[in-house]
Amino acid sequence: VITLASDFGSPYPAAMRGVLCSRTDARLVDVAHDFPRQDVRAAAFWLREVLPTFPPAVHLVVVDPTVGTDRRPIVVVAGEHALVGPDNGVLLPAARALAGDADLACYEIPVEDPASATFHGRDVFAPAAADVHERGIDDVEEAYPTAPDPVDLTFPEATVDGAHARGEVLVVDGFGNVVTNVPGSFLTGRWGDRASVAGRGVPVERTYAAVDRGERLLTVGSHGNVELAVNQGRGDEAFGVEAGSPVEIDLA
Amino acid sequence: VITLASDFGSPYPAAMRGVLCSRTDARLVDVAHDFPRQDVRAAAFWLREVLPTFPPAVHLVVVDPTVGTDRRPIVVVAGEHALVGPDNGVLLPAARALAGDADLACYEIPVEDPASATFHGRDVFAPAAADVHERGIDDVEEAYPTAPDPVDLTFPEATVDGAHARGEVLVVDGFGNVVTNVPGSFLTGRWGDRASVAGRGVPVERTYAAVDRGERLLTVGSHGNVELAVNQGRGDEAFGVEAGSPVEIDLA
Amino acid sequence: VITLASDFGSPYPAAMRGVLCSRTDARLVDVAHDFPRQDVRAAAFWLREVLPTFPPAVHLVVVDPTVGTDRRPIVVVAGEHALVGPDNGVLLPAARALAGDADLACYEIPVEDPASATFHGRDVFAPAAADVHERGIDDVEEAYPTAPDPVDLTFPEATVDGAHARGEVLVVDGFGNVVTNVPGSFLTGRWGDRASVAGRGVPVERTYAAVDRGERLLTVGSHGNVELAVNQGRGDEAFGVEAGSPVEIDLA
C-alpha cells in the first residue's frame, strides 16, 4: 500500500498517481489532498490521527511550503511503515504514532536534478515513494544516506488542574468541529453535566445528537481530545475560535 | 468490491480506508464523501441511483446524524449485495433497487465497546464491512442476529393526470439541476414543446444544449425523472426551489 | 489502468466507476472530477499536463457540453494509450503529448440507443472505456469504424522577442496560480532579476518561497510555462487576470 496526502487540491495529485502507477503495482490509497494549503501543522495533526489505521505502508506526504529551497527530501522509517516527504516536521508526529516501540530512523532521498523547482510531489517524492515501496525498508536503510536531525514538530500540551483545563485549538475540521489539545479523559464521567467555556455554560455530551440542532456542546472527538462542537453546525463560529486560539474549560 | 459513501468530507474517510486495507484486499471504490451533511434522504436518493451500476459488492454507507445513540448498526442483504450502515433508512431505497426479485434481509452488527462515540464509521461500520466481505453473505446470514423492522424511507410519488403533474423536488445536484419525483415518461414525445412550471413557460428538451446558455429547460435526467435545469447554470436558483419544494408542471 | 476525468463533481463519477467495475478488473485511477464545468479548453490543458505521467492506459474523459447532440463519441489511439470521450477537442492535446512519434488514429464508438440523453459518461463512455481496455488497442483498430477529421483544439503560442514576451493566460489553477503560454525558457538565467508585468515590477524567482508571503513573483511552473503567482496567495487576483487574458512581460 502507498498512501497519498497533500495540499495540492486538484488535478495535481493525479500526476503523482501517474508516476506511482508507472513504477509500482502497489495499491494506491488517498488520504486527503485538501489539507489547508501549506499548513504543515494541520497536516501533521491529521496524519497522526489517520495513518495508524493503515497496515504497514509507504506514506507519501507533500505539504511543502518551502519547495525548491534546500530543505531536504526525507524518508522516515517508523517500524514497518515508511513516510516520504519534505523535512519540515510534517512527518514526525505521525511517525511517532506509527512506530510503536520502534525507534525512528531518518534518511535523505537522493535527488538528481529535478525536472521542476515547483512540483517535487511529481518529480522527487512520488518517485521516491515508489522506490521505497519496491526496495523495501531494509534496503532503504542500506542504500539511502542517513539524514541527521530532522526538523521536528510537536503539539502543545494542555494544563489540566482538577476541574479546570487550559489548552488551545489544534485544528478545526471541515465541518467546523474544534479539536483542542485537552485530553478526553478530562470529561470522563461528566456526561450530562454543564461546563463553562470562556464564561458561558455548555453541556457535556457523549454524542452530537444529545443536544438540539444548532446547539453547542462539549464532547470527545474520534481523536480522543475534547471538542467544541455544534450539533449539525459549526463549532468554530459559535465559539469564536480558530487554530491556535486559547481554550479554557471549567467543569462546575 | 467494497464501496464507500459518507457525508464525512475530508480527511475522515481515510480512516475508513485504512481500517479496510488492514482487514481485506477487496477493491475499494469511493461513491462520494460529500453528501449533504447528515441528510439521510439525499444520501438515500443518490445511493439508489448509483449503487445499481456496481457488480455484487459490499456497500459501506455512513450518513448517521444520530451516531452514538442506540440506533442499530445493520447489514441489509439485497440479492448478491450487502449494505452496511446505520438503521436510519439510508440503506433501504438502494437495497430495494439492488435486490431485483430477491427479498431483503436485515441483520444487526455485533458491536463491542466502540473506541469512540463519535466515529462509528471507523470503529464500527468499516470493520463490519470488511467482516461481511471476508465472510461472504451466506455466512453473515448465519452468524449475525436478525434485525427486525429496520427503519424505512420512501420517496413521495408524484400525481400525473394527463398533461398535468404535481410532485416535489427530491434533491438538487451539485450543479443546481433540480431532480423531481415526476417520472420522465410524463415528457415522452413532447420534446420541443413548451410546458408551464409555476405559471411560466419553459421548453421541454432532450438535452441541456438545446437551449442557449443560461436558459431554463425541462428535461429527463439520468435518473429517469423530470429535471428543472438551466443550460450551464443553476436550475434551483432560476426556478426558486430546493429539496422538498412542491412542483407543478402543465404541458400545453 | 483506466483513468477517469470529468467535470461531474459528485456523486456522478461513482456511476462510471460502477460501470467500469462491472466490466473490467482494470486498476481505476481518478485524474479529477472538478474540472471547470463544461470548459473543454481547461480540461484539455490539464489532461495534456497530467496524462503523460501515466503508463500505457485507457483514459476516460467526459467534459461534454453538447451531450445528447450529434457530436460523436470517439476513441483516439495515441501510441500505447487510448483516450475515450466526446469529439469536441478535449482529447487531442493530451493525445499528441502521449503519442510520442506515433501517429494519432481516431475511431467512432458504436452506440446503440443510450439509456439517457444526459449521462453519456455512464451510458456510453464508461462502457466504451471498459470495452477498449478488454479488447486492447489492436482489436479496437479493427473493430471500430474510423472517425475522420476529429474536432481539434490547440493552444495559442506566445511571441517571444528577446527580453519581451507577449502571450496569454491559459488557465488558472485552484490556488490562483496563473499559467501563461510563455515558455519557461524565457526566464532561464534570470533568477533574482526583476521583470515588468503590465508596467509593474515583479521579481523572477525559482521558488514561491523566495518572496515573502503575500508577495507577487514570476516563476516557471511544473508545466514548464511562465506562471504569475503570489507566495501563499492568489496570483489571478493580484495580477487581475483570468483564462484568456493577454499577458506582457518585459525583462529589464
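Reader: At roughly what angle do the axes of helix α1 (residues 12-23) and helix α4 (residues 120-135) of chain B cross?

Author: This is a predicted model, in which local features need pLDDT of at least 70, side-chain atom pairs count only at pLDDT 80 or more, and totals for chains, interfaces and linings use all residues; side-chain values use heavy atoms, leaving out hydrogens and water. Residues are numbered from 1 along each chain as its sequence is written, and chains are lettered from A and ligands numbered from 1 in the order in which they are written. Helices are DSSP runs of H or I of at least four residues, strands runs of E of at least two, both numbered from the N terminus; axes are lines fitted to C-alpha atoms, for helices over the stretch in contact, with angles from 0 to 180 degrees between N-to-C directions. The axes of α1(B) and α4(B) come within 9 Å, and their crossing angle is roughly 35 degrees.

Reader: How many nonpolar residues does the contact of α1(B) with α4(B) have?

Author: Contact means heavy atoms within 4.5 Å. Among the residues that meet are Met16(B) and Leu20(B) of α1(B), and Ala126(B) and Pro127(B) of α4(B). Ala, Val, Leu, Ile, Met, Phe, Trp, Tyr, Cys and Pro count as nonpolar, Asp, Glu, Lys and Arg as charged, and the others, Gly among them, as polar. By these classes, the contact has 1 polar and 3 charged residues, and its nonpolar residues number 8.

Reader: Which strands stand at the edges of the sheet in chain A?

Author: Strands pair if DSSP finds at least two bridges between them. The open, mixed sheet has 6 strands in the order β2-β1-β3-β5-β4-β6 (chain A). Each edge strand has a single partner, so one side of each is left without a neighbour in the sheet; the two are β2 (28-32) and β6 (104-108) of chain A.

Reader: Which residue of β2(A) is the bridge partner of Ala5(A)?

Author: Strand β1 (residues 2-6) of chain A runs parallel to β2(A), and 4 bridges join them. In β2(A), the partner of Ala5(A) is Ala32(A).
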